Amino acid sequence: MHRTRIIGTGSSTPQKVLSNSDLAAIVDTSDDWIVTRSGIKERRIASNGEASSTFAYRAALNALEMAEVAPQELDMIVVATITPDMPTPSVACLLQNKLKTRSIPAFDISAGCTGFIYALAVADNCIKSGANNKVLVVGVETLSKITDYQDRSTCVLFGDGSGAVVLTGETGDRGILSTHLYSDGSCGKLLYQPGGGSQCPASHESVDNREHYLKMDGNKVFKIAVKSLEDAALTALQYNDVDGDALDLLISHQANSRIIQAIAKRLGLPQEKVFMNIQKYGNTSSASVPIAMDEANRQKRIKKNDLVLLDAFGAGFTWGSALVRW
Ligand code: ACO
């Protein structure tokens, strides 16, 4: 069977740490509230001059090194992000230039926090079709650049960073077994950035109105996220005719520890089969699943032939899952 296998993982996060007590000094919040409601203790924040391509490049180099693949061997780059360096060119093209690859296809995908699963699915299908054989997939965000540090309901949640994987086509039973993608645009305004696009271009007024920052109705998003993530996870298991017991590790989007625990409970997974690093990074949107995957891989929490379930939900709304035989 021709499958797509993950042969290298990498990640990169900013040096600068923003702790809950740092945030309590600028908005009306507390370490206790943030930890209890979200599981987050600190997040990494880009410094001036650092942009999404900064972290995407470092994560890509780490993944390429592990895969023992030279940039010149790549035949496609797909980057998932909602915080590109600039509207155009794409982060993928900036990365193509930094990596000095051949003139291969390079493009960004925007699917909120599900972006990495979307990018993985696109790359998987390109490899399975025979069109590509060595693909770099990156999830990257600098959410701090679109976070309103006067809004306590969102600023405590988000962080910056990048994760990357190198994919190749192989015959055998290991690799990506299936991907499942979904969207529901009717919920778009529960989590969105009103300013900066063609509907509300940058103006003095839009900046004064703080329209270039993310707005979220967290409570409504929470309930839909739990249900959607559970559905996507169960679909992946049913499609592959396996049950929760067969899973070795759940790597879910790191938006809220309570959401991850709810999915784990629904799947009947014990704590040791659930990967969690939200306490260190907060919600890094498209970067959350690949950063977690890289940490799990480097900590040897994933072993050859393990069954790993990836699951994400985000702005759009979008959600999706991928089941991987490592
Ligand atoms: N510190 C202290 N109090 C706060 C804070 C804060 N940082 N933020 C909100 N509160 C207050 C609220 O004002 C409210 O007070 P009130 O009862 O007096 O009105 C109270 O705390 C409860 O607020 P809720 O929003 O109901 O709190 P909730 O338990 O829902 O937790 C949270 C909020 C953590 C945001 C949660 O709703 C959540 O995680 N939502 C989902 C986020 C998510 O999954 N996003 C999807 C992906 S993100 C992406 O795509 C970019």
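**View 1. A233, a buried residue of helix α8.** At 0% relative accessibility, A233 falls below the 20% cut-off and therefore counts as buried. The model shown here and in every other view is predicted. A233 belongs to helix α8. Beyond its neighbours within four places in sequence, A233 contacts L267, L309, D311 and S321. E211 lies elsewhere: A233 and E211 are 22 residues apart in sequence, and their C-alpha atoms are 34 Å apart in space.

**View 2. Helix α8 along its length.** Helix α8 covers residues 218-239. Its 22 residues should span 32 Å at 1.5 Å a residue, and the end C-alpha atoms are 31 Å apart, so the two values agree. The buried residues of α8 are V221, A225, V226, S228, L229, E230, A232, A233, L234, A236 and L237. After the helix comes D241, with a positive phi near 55°. Helix α8 lies across β8, β11, β12 and β13. Its direction makes about 150° with that of β12.

**View 3. The four-stranded sheet.** This open sheet has 4 strands in the order β8-β13-β12-β11, and its pairing is mixed. β8 (175-183) and β11 are the edge strands; each has a single partner, so one side of each is left without a neighbour in the sheet. From one strand to the next, the twist averages 10°. β11 and β12 run parallel and share 4 bridges. Within this pair, I251 has L310 of β12 as its bridge partner. Helix α5 also lies across β8, β12 and β13, at about 125° to β8.

**View 4. The five-stranded sheet.** A further open sheet has 5 strands, ordered β1-β7-β6-β4-β5, again with mixed pairing. Its edges are β1 (2-12) and β5 (106-109); each has a single partner strand, so one side of each is left without a neighbour in the sheet. Here the twist averages 20° from one strand to the next. β4 and β5 pair in the parallel sense through 4 bridges. A80 stands opposite I109 of β5. Helix α3 (residues 52-67) packs on this sheet and touches β1, β6 and β7. The direction of α3 makes about 125° with that of β1. Helix α5 lies across β1, β4, β5, β6 and β7, running at about 170° to β6.

View 5. β1 and β7 run antiparallel, joined by 10 bridges. In this pairing, R3 stands opposite E170 of β7. β1 is mostly covered, with 9 of its 11 residues buried.

**View 6. The largest nonpolar core.** This core has 32 residues. L167, I251, M293 and L310 have the most contacts inside it. Elements that give two or more residues are β4 (76-80), α5 (115-129), β6 (134-142), β7 (160-171), β11 (249-252), α11 (288-298), β12 (307-314) and β13 (318-325). The biggest contribution is from α5, with 7 residues. Domain 1 (2-172) and domain 2 (177-325) both supply residues, so the core lies between them. Another core, of 28 residues, lies apart from this one; among its residues are A232, A233, I259 and I263.

**View 7. L310 and its surroundings.** L310 is one of the residues with the most contacts inside the largest nonpolar core. Leaving aside neighbours within four places in sequence, L310 contacts I117, L120, I251, V289, M293, G320, S321, A322 and V324. One of these, I251, is also its bridge partner.

**View 8. The two domains together.** The protein chain is divided into domain 1 (2-172) and domain 2 (177-325). Their C-alpha centres lie 14 Å apart. Domain 1 gives 49 residues to the contact, and domain 2 gives 44 residues.

Technical notes: Residues numbered from 1 in each chain as written. Predicted model: local features only at pLDDT ≥ 70, side-chain atom pairs only at ≥ 80, totals over all residues. Heavy atoms only, no water. Core = buried A, V, L, I, M, F, W, Y, C linked by side-chain atoms within 4.5 Å. Buried < 20%, exposed > 50% of the residue type's maximum accessible area, 1.4 Å probe, protein only. Domains from an automatic or database assignment. Contact = heavy atoms within 4.5 Å. Pairing = 2+ DSSP bridges. Axes fitted to C-alpha atoms, helices over the stretch in contact; angles between N-to-C directions. Expected span 1.5 Å × (residues − 1).
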